[in-house]
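Me: I've got a new model open and I'd like to learn how to read it. Could you walk me through it, one feature at a time?

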Amino acid sequence: MNPAVWITSLLRRFPELVAELVPAAHGGLRERRGGGPAGGTGAPVRLHVSDALRDITDGVVELEEAVRERLGLRPVPPASVPVRLRRIAGLLERIAPDPVLAAHVEDETRRMAARCARALGDPEQMVRLPGRCPACDSVSLRAFPERAEVRCVNPPCGHVVGPADEAAA
């Protein structure tokens, strides 16, 4: 699998996670004199979303720092999660020759993509991949992060792409 798939997924889904914590446009909690909400109920605090947001943010910061240190690059100024993810993506060609670092980047980005998907209510995130299935030639390849699997979702096929398929590609 390629860490670029998980980075792309995080870049696409992270803003959705942030939006889950933003109060609705029609107003958040109103307070009455003496404290406490007034006039109906407010949106509940979604701690699992907040925890996922914090975990992913911390994970991306730590991953970027680890990558830059391992590659012998100077530290960079703090930035938002999407900016950091793009910076990591820009280093993937330099990461690839280091099997330990490449595996770490893939594992962490896959983990964070799965955490983001779960927090957004997806049972398992499915990422559309470019290319064709090596078994049926359909454009139905999907990556399943939690299973660390690439599979053809064409119902008559269902081929699971393995290392031999990736080497042939």
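Reply: Two strands pair if DSSP finds at least two bridges between them. Here, strand β3 (residues 149–152) is joined to β4 by 2 bridges, and the two run antiparallel. Within that pairing, V150 sits opposite V161 of β4.

Me: Before we go on, what kind of model is this, and how are residues numbered?

Reply: This is a predicted model, where local features need pLDDT of at least 70 and side-chain atom pairs count only at pLDDT 80 or more, while totals for chains, interfaces and linings use all residues. Residues are numbered from 1 along each chain as its sequence is written, and side-chain values use heavy atoms, with hydrogens and water left out.

Me: What is the strand order in the open sheet of 4 strands?

Reply: In general, strands of a sheet pair through backbone hydrogen bonds, either parallel or antiparallel. In this sheet the order is β1-β2-β3-β4, with antiparallel pairing. β1 (127–128) and β4 (160–161) are the edge strands with a single partner each, so one side of each has no neighbour in the sheet.

Me: Which residues touch the most other members of the largest nonpolar core?

Reply: A nonpolar core is a set of buried Ala, Val, Leu, Ile, Met, Phe, Trp, Tyr and Cys residues joined through side-chain atoms within 4.5 Å. Buried means under 20% relative accessible area, exposed over 50%, and partly exposed in between (1.4 Å probe, protein chains only). The largest core here has 36 residues, and L17, I56, V67, I95 and V105 touch the most other members. Elements that each supply at least two residues include α1 (3–19), α2 (47–70), α5 (99–119) and β3. Take V105: leaving aside neighbours within four places in sequence, its contacts (heavy atoms within 4.5 Å) are P3, L63, V67, I88, L92 and I95.

Me: How many salt bridges are there?

Reply: A salt bridge is a side-chain nitrogen of Lys or Arg within 4 Å of a carboxyl oxygen of Asp or Glu. By that rule there are 11. In one of them, R111 meets D55 at 2.9 Å, N to O. R111 is in helix α5 and D55 in helix α2, so this pair ties together parts 56 residues apart in sequence. A salt-bridge network links D55, E108, R111 and R115.

Me: R84 and E64: buried or exposed?

Reply: Both R84 and E64 are buried. They form a salt bridge, with the closest N and O atoms 2.5 Å apart.
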